[in-house]
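Please look through the structure below before reading on. The paragraphs that follow lead from single residues to the chain as a whole.

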Amino acid sequence: MSDAWRGTIGAIGRAELDEMLAGGIVCHLAVIDDHGWPYVVPVWFEWDPAGEVFWIIPREKSAWAGYMARNPRVALTIDTPAPPYRKVAAQGIAEVVETPNVGGRWVEIAGRMAVRYLGPHGPDYLDPTLDKPRWLFRIRPRRLVTWQGVAWYPRYEQ
């Protein structure tokens, strides 16, 4: 009997990780609200493999952007919804690169995100909103864990 249905088991290699994070998977970002509670929001992101950072671009009035600016400790998860199952979990510090503005560095990154998530309709979504201020955050993971396949992580089998 073959166990091929389990897929590749173990940590995701660097090339596979970069390829996975270049896809259109939504990230779940956890921040700490002003009362000390976790606040989780699905967001678009861009992974910069050269700098090993995540870029996040909230709208000016996103409550969670303010939370992240005031308490930069964050966590994020990115996972595939179907086989081959892959997941990434990270913790890091969010750095405000740009406070809400129109026409900042975020525009180029948002343009790439829009195309990645919406294909050829990315500009149809983004262009009419370029007059709306957005933040730009950089998250440099302090801890990044990956896993793939259908099996228990070795720590659980001890």
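Is A90 buried or exposed? A90 has a relative accessible area of 7%, so it counts as buried; the term means under 20% relative accessible area, with exposed meaning over 50% and partly exposed in between, using a 1.4 Å probe and protein chains only. This is a predicted model, in which local features need pLDDT of at least 70, side-chain atom pairs count only at pLDDT 80 or more, and totals for chains, interfaces and linings use all residues. Residues are numbered from 1 along each chain as its sequence is written, and side-chain values use heavy atoms, with hydrogens and water left out.

A90 lies in strand β6. Helices (H or I, at least four residues) and strands (E, at least two) are DSSP runs, numbered from the N terminus. With neighbours within four places in sequence set aside, A90 is in contact with F54, V74, A75, L76, P141, R143 and L144, where contact means heavy atoms within 4.5 Å. A90 and I139 are 49 residues apart along the chain, and their C-alpha atoms are separated by 9.6 Å.

A pair of aromatic rings is described by the distance of the centres and the angle of the planes. Rings of Phe, Tyr and Trp (its six-membered ring) pair if their centres lie within 6.5 Å; planes under 30 degrees apart count as stacked, over 60 as edge-to-face and the rest as tilted. The structure holds six such pairs. One of them joins F45 and F54, edge-to-face, at 5.8 Å centre to centre and with 65 degrees between the planes. Another joins W47 and F54: the pair is tilted because the planes stand at 45 degrees, with the ring centres 4.7 Å apart. F54 has 0% relative accessibility and therefore counts as buried. W47 is buried as well, at 9%, and F45 is also buried. Elsewhere, ring pairs link W44, Y117 and Y125 into a cluster.

R116 lies over the face of F45, at 5.3 Å from the ring centre; a charge sits over a ring if NZ of Lys or CZ of Arg is within 6 Å of the ring centre and within 35 degrees of the ring normal. R116 lies in helix α3 and is partly exposed because its relative accessibility is 22%. Leaving out neighbours within four places in sequence, the contacts of R116 are L21, A22, G23, G24, F45 and E46. One of these residues, G24, is 92 residues from R116 along the chain, yet the two C-alpha atoms are separated by 5.7 Å.

R105 is placed in the loop between β6 and α3 (106-118). R105 has a relative accessible area of 46%, so it is partly exposed. Apart from neighbours within four places in sequence, R105 is in contact with W55, V97, E98, L136 and R138. By C-alpha atoms, R105 and T8 are separated by 38 Å and are 97 residues apart along the chain.

Two places concern the backbone. Most residues other than glycine have a negative phi, and most peptide bonds are trans. E52, which is not a glycine, has a positive phi of about 55 degrees. E52 is found in the loop between β3 (46-48) and β4, and it counts as partly exposed because its relative accessibility is 41%. The peptide bond from P83 to P84 is cis, with omega near -5 degrees, and P84 lies in the loop between β5 and β6.

Now to the chain as a whole. Its secondary structure comes to four helices and seven strands, in the order α-β-β-β-β-α-β-β-α-α-β along the sequence. In helix α2 (residues 63-70), the buried residues are W64, A65, G66, Y67 and M68. These residues pack against β1 (27-32), β2 (38-43), β4 (53-56), β5 (73-79), β6 (86-101) and β7 (134-148). Of the contacts between residues at least 6 apart in sequence, 73% join residues at least 24 apart. The chain has 158 residues, of which 35% are buried. Its C-alpha trace spans about 60 × 40 × 25 Å along the principal axes.
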